[in-house]
Amino acid sequence: MEQARAIIQEYFSLVEKSQQLFAGLRDLPQYGRHWQPYFQKTFEIYTKLWKFQQQHRQTLENKELYGIKRWEIGEIASKVGQLYYQYYLRTSEKVYLEEAFTFYEAIRTRDYFAQVFETNNPLLVVKKLRYYARFI
């Protein structure tokens with residue numbers, strides 16, 4: 001039980017750190033090379049978060065401990081897709097566009113945002129609509 005709590009704490013720590021780094025991307029200059037180290041750091045934390053939630057999915061899905069929702073996993077995947085797309089826009093390297101598509105397609109095929117309308121939470125509905133706008 002103690003190990004499970006440590007997993008949940010680590011998950012929340014990674015989510016918070018990833019959100020802080022992602023929010024800082026807006027302030028980066030569009031040109032030059034100053035943005036690359038920050039992007040790299042953001043990619044690393046999101047990669048770590050993505051792998052962590054995959055490795056510990058059973059613990060995170062346990063409703064007594066946390067009960068991760070499918071839309072939360074979709075939100076992580078969406079952010080990774082956004083990172084790849086933004087990197088593509090800055091570098092024009094096609095491989096990053098393909099990676100962005102891979103994550104967006106996975107969100108669609110796995111129905112991560114399928115039950116958002118049932119939550120009656122307007123913020124989640126907006127997230128789903130933004131995902132659709134990015135994917136199209």
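**Aromatic pairs, pockets and a buried threonine**

The structure contains 17 aromatic pairs, a pair being two rings of Phe, Tyr or Trp (its six-membered ring) with centres within 6.5 Å. Planes under 30 degrees apart count as stacked, over 60 as edge-to-face and the rest as tilted. The model is predicted: local features need pLDDT of at least 70, side-chain atom pairs count only at pLDDT 80 or more, and totals for chains, interfaces and linings use all residues. Residues are numbered from 1 along each chain as its sequence is written, and side-chain values use heavy atoms, with hydrogens and water left out.

**Aromatic pairs**

- The ring centres of Phe12 and Tyr66 are 4.9 Å apart and the planes stand at 90°, so this pair is edge-to-face.
- Phe12 belongs to helix α1 (residues 2-24) and Tyr66 to the loop between α3 (57-61) and α4 (70-91), so the pair ties together parts that are 54 residues apart in sequence. Helices are DSSP runs (H or I, at least four residues), numbered from the N terminus.
- Phe12 is partly exposed at 39% relative accessibility, and Tyr66 is partly exposed at 23%; buried means under 20% relative accessible area, exposed over 50% and partly exposed in between, with a 1.4 Å probe and protein chains only.
- Tyr85 and Tyr88 form a tilted pair, with 6.1 Å from centre to centre and 40° between the planes. About one helical turn separates Tyr85 and Tyr88, because they are three residues apart in helix α4.
- Tyr85 has 35% relative accessibility and counts as partly exposed; Tyr88, with a relative accessible area of 24%, is also partly exposed.
- One aromatic cluster is formed by Trp35, Phe39, Phe43, Trp50, Tyr84, Tyr87, Tyr96 and Phe103.

**Largest pocket**

- The volume of the largest pocket is about 730 Å³. On a 1 Å grid over the protein atoms alone, a pocket is an open set of points where a 1.4 Å probe fits, with protein on both sides within 12 Å along at least five of seven lines. Grid points are joined across faces, edges and corners, and the volume is the space filled by probe spheres set on the points.
- The largest pocket is lined by 26 residues, of which Phe22, Ser78, Lys79, Gln82 and Arg134 are the closest to its centre; a lining residue has an atom within 4 Å of a point.
- Helices α1, α2 (36-55), α4, α5 (94-109) and α6 (122-135) each supply at least two residues of this lining, and α4 gives the most, with seven residues.
- The lining comprises 14 nonpolar, five polar and seven charged residues. Ala, Val, Leu, Ile, Met, Phe, Trp, Tyr, Cys and Pro count as nonpolar, Asp, Glu, Lys and Arg as charged, and the others, Gly among them, as polar.

**Second largest pocket**

- The second largest pocket holds about 180 Å³ of space.
- Its lining residues include Phe12 and Tyr66, together with Tyr11, Val15, Tyr46 and Lys79.
- Helices α1, α2 and α4 each supply at least two lining residues; the largest share, five residues, comes from α1.
- By class, the lining has seven nonpolar, two polar and three charged residues.

**Thr42**

- Thr42 lies in helix α2 and counts as buried, at 0% relative accessibility.
- A polar atom of the Thr42 side chain lies 2.9 Å from the backbone oxygen of Tyr38.
- Not counting residues up to four places away in sequence, Thr42 touches Leu21, Phe22, Leu25 and Leu83, where contact means heavy atoms within 4.5 Å.

Methods:
Polar contact = N/O pair within 3.5 Å; in protein donor to acceptor, adjacent residues only side chain to side chain.
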